[in-house]
Amino acid sequence: MEGTAVVTGASSGIGEAIARHLLDSGCTVIALQRRPPRIQHARLNFHAVDLVDVAAARNAANEIASRHAVRYLVNNAGANRPGMLEQATPEDLDYAMALNVRAAMILTQAFVPGMRAAGFGRIVNMSSRAAMGKTGRTVYSAAKAGLIGMTRTLCLELAAAGITVNAVAPGPVATELFDHGHPPGGEKRQHVIDSIPVKRVGTPDDVARAVVFLLSPDSGYITGQTLFVCGGTSVSGSGGE
Ligand code: NDP
């Protein structure tokens, strides 16, 4: 694949794998997050930004859009705020919406004009299987379901311009985010594995392959969809993040 891709949250986990796969496929990648990427590559650039900060996110995106012909956008950065209804706070909800949904909207607004002018663009938003409902995820599931709604609306608004917008919804994936809540070797992790139809936790590469598929120029007839990469948890209705 040729062209420039912006990937948010490429300093670890799923975003790092997406960046690696895109670099392998020939893309130039611009990573947007707070910490520098761990991987190094001649075609990998980095802009430090806290995507929860509206002005900072907008400034970074506009600056990148003015310098680069961005044709691919992966809104991957996200964070979980676990807790049952009784523990959920308005601040947690605001934070989850700001990072998972608002930042995706701001970045999409910055890069769509260039995609429109080129008559081509690919956008993937990182949702979660939890969007279908998961105990202890009041705030997170609301944000990730919101992202699916936004994906479907942007599909309708941008399809005629040659821009596709899809969501990927992972089930449990072994990253820092997941390991933090489910320490390796622990009972909680085993309980999740037992509930996954394929009987294993996913890898960042599992998700990255799906994202690269949706970003491909050949995937122009797929838009507005949510692709679950979840080992079957979205079918069984149990487990997952
Ligand atoms: P990680 O915690 O490993 O990575 C999260 C990434 O988001 C980091 O690169 C981090 O970068 C970035 N990020 C977090 N907060 C901010 C911020 N305020 N500003 C900019 N960047 C930020 O998580 P995963 O790789 O597991 O998750 C990636 C995505 O996949 C998330 O959207 C998550 O919700 C989703 N997901 C993950 C699942 C899992 O089981 N792991 C399951 C379902 C969905 P930095 O800290 O450098 O800013």
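The residues that line the largest cavity divide into seven nonpolar and four polar, with no charged residue among them. This is a predicted model, and a search of it comes to one cavity of 30 Å³ or more. About 60 Å³ of space lies in the largest cavity, and its lining is made up of Thr8, Leu51, Asn75, Asn76, Ala77, Leu99, Asn100, Ala103, Ala104, Leu107 and Leu147. Helix H3 gives the most to this lining, with five residues. As a general point, rolling a probe the size of a water molecule over the atoms shows where empty space is left.

Sorted by class, the lining of the largest pocket has 15 nonpolar, 16 polar and eight charged residues.

In soluble globular proteins, nonpolar side chains tend to be buried together. Here the largest nonpolar core has 35 residues, and the ones with the most contacts inside it are Val6, Leu51, Leu107, Phe111, Ile123 and Ile163. At least two residues of this core are supplied by each of strand S2 (28-33), helix H2 (54-67), S4, H3, H4 and strand S6 (163-170), while H3 gives the most, with twelve residues. Leu51 and Leu107, named here for their contacts in the core, are also among the residues that line the largest cavity.

How many aromatic pairs does a search of the whole structure find? It finds one, formed by Tyr72 and Phe120 in an edge-to-face arrangement, with 5.8 Å from centre to centre and 80° between the planes. The pair links distant parts of the chain, since Tyr72 is in strand S4 (residues 70-75) and Phe120 is in the loop between helix H3 (90-118) and strand S5 (121-126), 48 residues apart. Tyr72 is buried because its relative accessible area is 2%, whereas Phe120, at 21% relative accessibility, counts as partly exposed. Another ring, that of Tyr95, has Arg81 lying over its face, at 4.1 Å from the ring centre.

Two further residues may be looked at one by one. Arg20 lies in helix H1 and, at 31% relative accessibility, counts as partly exposed. Although Arg20 and Ala10 are ten residues apart in sequence, they are 9.0 Å apart in space, taken from C-alpha to C-alpha.

The other residue is picked out by its backbone. Most residues other than glycine have a negative phi. Lys199, however, has a positive phi of about 60° although it is not a glycine, and its place is in the loop between helix H6 (187-195) and helix H7 (204-215).

Conventions: Residues numbered from 1 in each chain as written. Predicted model: local features only at pLDDT ≥ 70, side-chain atom pairs only at ≥ 80, totals over all residues. Heavy atoms only, no water. Phe/Tyr/Trp six-rings, centres within 6.5 Å; stacked < 30°, edge-to-face > 60°. Helix = DSSP H or I, 4+ residues; strand = E, 2+ residues; numbered from the N terminus. Buried < 20%, exposed > 50% of the residue type's maximum accessible area, 1.4 Å probe, protein only. Lys NZ or Arg CZ within 6 Å of the ring centre and 35° of its normal. Nonpolar A, V, L, I, M, F, W, Y, C, P; charged D, E, K, R; others polar. Core = buried A, V, L, I, M, F, W, Y, C linked by side-chain atoms within 4.5 Å. 1 Å grid on protein atoms, 1.4 Å probe; cavity = no way out; pocket = protein on both sides within 12 Å on 5 of 7 lines; lining within 4 Å. Points joined across faces, edges and corners; volume = space filled by probe spheres on them.
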